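Here is a short tour of a model, written for someone who would rather look at it than read tables. Keep the viewer open and follow along.

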Amino acid sequence: MQTFDLEAEGLRALNSALHAQASTTNQTVWEILNPKGSHAIAVGLDAPIEVTIKGSTGYYCAGMNKQATVHVHGSTGPGTAENMMSGTVIVEGDASQYAGATGNGGTLIIKGNASSRCGISMKGIDIIVHGSIGHMSAFMAQSGNLVVCGDAGEALGDSLYEARLFVRGSVKSLGADCIEKEMRAEHLAILEDLLERGGCDAKASEFKRYGSARKLYNFNIDNAY
Amino acid sequence: MCGIVGLFLKDQSLEPKLGEMLADMLITMTDRGPDSAGIAIYTAHSAGKAKLTVQADDAIASFEKLDDALCKALRGSVSMSVKDSHAVLEIQAEQMDEARAYLTANHPNVRIMSRGENLEIYKEVGLPKDVAKRFDIRKMSGSHGIGHTRMATESAVTTLGAHPFNTGIDQCLVHNGSLSNHNSLRRKLRRAGVHIETENDSEVGAAYLTWKMQNGATLGEALESSLTDLDGFFTFVVGTKDGFGVVRDPIACKPAVMAETDQYVAFGSEYRALVNLPGIETARIWEPEPATVYFWSHNTASTDHEEAA
């Protein structure tokens, strides 16, 4: 295992070392000490490595991730796993606003709560939140799955396209064009798989499904103010 | 951007270290705004006395015998301690209005930064580390304080455009964000007789809260009503004689992190600002909810949710 003291060695050295790992690397396990809320830790990774961060991070942790597994033993600042392409990011604590924003693929697991704008403009990522999420989550979400074991804040799924939203608890309000939809067998199967991948202690049957009413796809004069 | 911090001590044994802790928190936030920086600290106060913190660009000339002149004008006791471009004038509490009127009329180069029994505000153009050094913030003790480092967006980079803003006796405010209705609100407040010095949006926010409280609102009620009357983005941290409060606008895009232990309640724009506080590893850490007033006080019941102070 490679151990890296971020406070002693600095962010640029860390990210350079992680970027230097190719798919054939033998240095597959990394541990980062003293993150102390620093920004942009383990961004832009593109190798099948496992990175464990021992503590809380600042902005953009594990952004643009490909292939790697990043495990944060703490909470994360805004923009966690933003624009992830593949791989897995696990946050043991809470994640601040716009976690998983614009994610194209991969899995983001948040074991605490996520703040506002979780999964905004998501494009294929799977986001699994053990706790609750804040307002304007999944705004303009295009595809992928958002699973929330707790509650959702105001304006869930505003102006969304084809992402699937699964919420176990209450939803404070639905955004424009977001509606509750029937949970059919195929959705239960998808959700069961997501809950298992996310390590959630919840049953698929306890969730409701929300999605697009598809009324905003084309210009409609009745929608104009 | 802007970076803001706040620290409210519950454990009196930490009071001698307040200046040091607050300065370090603010210096960590330097890269959120390099234009100007300021700190408000609630220090010990002597019975019957009040403090005016004043600033002058030509401090040596302006502060020369300023205490004597003020003493003569007020016919009361005045003591002055000069720190770089700022000076703290300690006067008899009941002479506060008279002292302000005298300074405004006779010493136009001397600008009032704060007034109150405990409050002192130090702020200047420059980086937090320089401001902390110029005013020896690390050596200051106190019960609570707030700080700000500015990235200017809405108005000029000047001392008067720096935060914290004094909003009334022993009251102050720092702001991260930008208000979009500050011009119309400034006109409205000026018509109502409120003095607003600059074209700065945050000063309008501060003046708005002052005006609300002058008209009978508690700080909590004033913060509640700011959620409907102020348009734009804001995270406010406010200081009062015995406490501090936090409110974020309903959109809540300006970051905020809070930490609480048995010894303190701390606020930072980012978690980085809090990492060196004692016991942070086991502190309760959370992000304040949007459109929710939080308040902690040494005297009255604190709220950590919707109830106004």
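## A strand with two partners

Let's start in chain B, where strand β10 (residues 171–179) runs antiparallel to β11(B), with eight bridges between the two. One pair to click on is Cys172(B), which sits opposite Gly239(B) of β11(B). Bear in mind that this is a predicted model throughout.

β11(B) also pairs with strand β12 (residues 243–248) of chain B, again in the antiparallel sense, this time over six bridges. Gly239(B) turns up here too, standing opposite Phe244(B) in β12(B). Getting from β11(B) to β12(B) takes a hairpin of two residues. And how many of the nine residues in strand β11 (residues 232–240) of chain B are buried? Seven of them are, so to speak, under cover: the strand is mostly covered.

## Chain B as a whole

Zooming out, chain B has eight helices and 16 strands. Its C-alpha atoms fill a box of roughly 55 × 45 × 35 Å along the principal axes. A compact globule of 309 residues would have a radius of gyration near 19 Å, and the 18 Å of chain B agrees with that.

Take the contacts in chain B between residues at least 6 apart in sequence: 70% of them join residues at least 24 apart.

Where they touch, twelve residues of domain 1 of chain B are in contact with eleven residues of domain 2 of chain B. The domain 1 side of that contact has six nonpolar, two polar and four charged residues.

Now for the inside. The largest nonpolar core has 85 residues, and those with the most contacts in it are Val5(B), Leu7(B), Leu22(B), Leu26(B), Val237(B) and Ala266(B). Helix α1 (residues 18–28) of chain B gives the largest share, seven residues. Why does this core lie between the two domains of chain B? Because domain 1 and domain 2 both give residues to it.

Apart from neighbours within four places in sequence, Leu26(B) is in contact with Val5(B), Ala37(B), Ile39(B), Pro128(B), Gly147(B) and Thr149(B). A second, separate core of 64 residues includes Ile128(A), Ala141(A), Leu156(A) and Phe166(A).

## Where the chains meet

Nine residues of chain B are in contact with twelve residues of chain A. On the chain B side, the tally is six nonpolar, no polar and three charged residues.

A few backbone spots deserve a click. The peptide bond from His163(B) to Pro164(B) is cis, with omega near 0°, and Pro164(B) sits in the loop between β8 (144–150) and β9 (165–168) of chain B.

Ala42(A) has phi near 55° and lies in the loop between β2 (29–33) and β3 (50–53) of chain A. Is Ala42(A) buried or exposed? It counts as buried, because it has 28 C-beta neighbours inside 10 Å. Cys2(B), with a phi of about 80°, comes in the segment before β1 (3–9) of chain B. Cys2(B) is buried too, with 23 other C-beta atoms within 10 Å.

Conventions. Residues numbered from 1 in each chain as written. Chains lettered and ligands numbered in written order. Predicted model: local features only at pLDDT ≥ 70, side-chain atom pairs only at ≥ 80, totals over all residues. Core = buried A, V, L, I, M, F, W, Y, C linked by C-beta atoms within 7 Å. Buried ≥ 20, exposed ≤ 12 C-beta atoms within 10 Å, placed from the backbone. Helix = DSSP H or I, 4+ residues; strand = E, 2+ residues; numbered from the N terminus. Domains from an automatic or database assignment. Contact = placed C-beta atoms within 7 Å. Nonpolar A, V, L, I, M, F, W, Y, C, P; charged D, E, K, R; others polar. Rg over C-alpha atoms; globule rule 2.2 N^0.38 Å. Pairing = 2+ DSSP bridges.
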